[in-house]
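Please read the sequence and the three-dimensional structure together. The paragraphs that follow lead from a single residue to its surroundings.

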Amino acid sequence: GSRDRAMSRVSETLKSLNPLELSDLDGIRAVFGDGWMLFRPSGTEPKLKIVVEAESKEAADRLLEKAMDIGKEAVK
């Protein structure tokens, strides 16, 4: 369905960013040198949850901005 297509798009985009690690264990998690981002689809609503964690606020802001762009493109 549309949820699977969106997550597939997220995965392909994240692969193109050459993360240090990419996991699909509980959503799609990409690890970079200064932090990570996680994309999880809601099980009950047509929503995509995005979580980022980084070593600094600046890195977290940058990762979140990139993750938001990826999420918006994935659900188009």
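Val51 is partly exposed, with a relative accessibility of 27%; the term covers what lies between buried (under 20% relative accessible area) and exposed (over 50%), computed with a 1.4 Å probe on protein chains only. The model is a predicted one, in which local features need pLDDT of at least 70, side-chain atom pairs count only at pLDDT 80 or more, and totals for chains, interfaces and linings use all residues. Residues are numbered from 1 along each chain as its sequence is written, and side-chain values use heavy atoms, with hydrogens and water left out.

Val51 belongs to strand β4. Strands (E, at least two residues) and helices (H or I, at least four) are DSSP runs numbered from the N terminus. Not counting residues up to four places away in sequence, Val51 touches Trp36, Met37 and Leu38, where contact means heavy atoms within 4.5 Å. Leu38 stands opposite Val51 in β4. The C-alpha atom of Val51 is separated by 7.8 Å from that of Leu64, 13 residues apart along the chain.

Strands β3 (residues 35-41) and β4 (residues 48-54) run antiparallel and are joined by seven bridges; two strands pair if DSSP finds at least two bridges between them. A hairpin of six residues connects β3 to β4. Elsewhere, β1 pairs with strand β2 (residues 28-32) in the antiparallel sense over three bridges, and Glu21 has Val31 in β2 as its bridge partner.

Together, four strands form an open sheet in the order β1-β2-β3-β4, with antiparallel pairing. Because β1 and β4 stand at the edges with a single partner strand each, one side of each has no neighbour in the sheet. From one strand to the next, the twist averages 10°.

Helices accompany this sheet. α1 lies across β1, β2, β3 and β4 and runs at about 165° to β3; angles run from 0 to 180 degrees between N-to-C directions, and axes are lines fitted to C-alpha atoms, for helices over the stretch in contact. Helix α2 (residues 57-74) lies across β2, β3 and β4, at about 155° to β4.

Within α1 is Ser11, which counts as buried at 16% relative accessibility. Leaving aside neighbours within four places in sequence, Ser11 is in contact with Leu22 and Ile28. Asn18, by contrast, lies in the loop between α1 (2-16) and β1 (21-23), and Asn18 is exposed, with a relative accessible area of 64%. The phi of Asn18 is near 50°, a positive value in a residue other than glycine.
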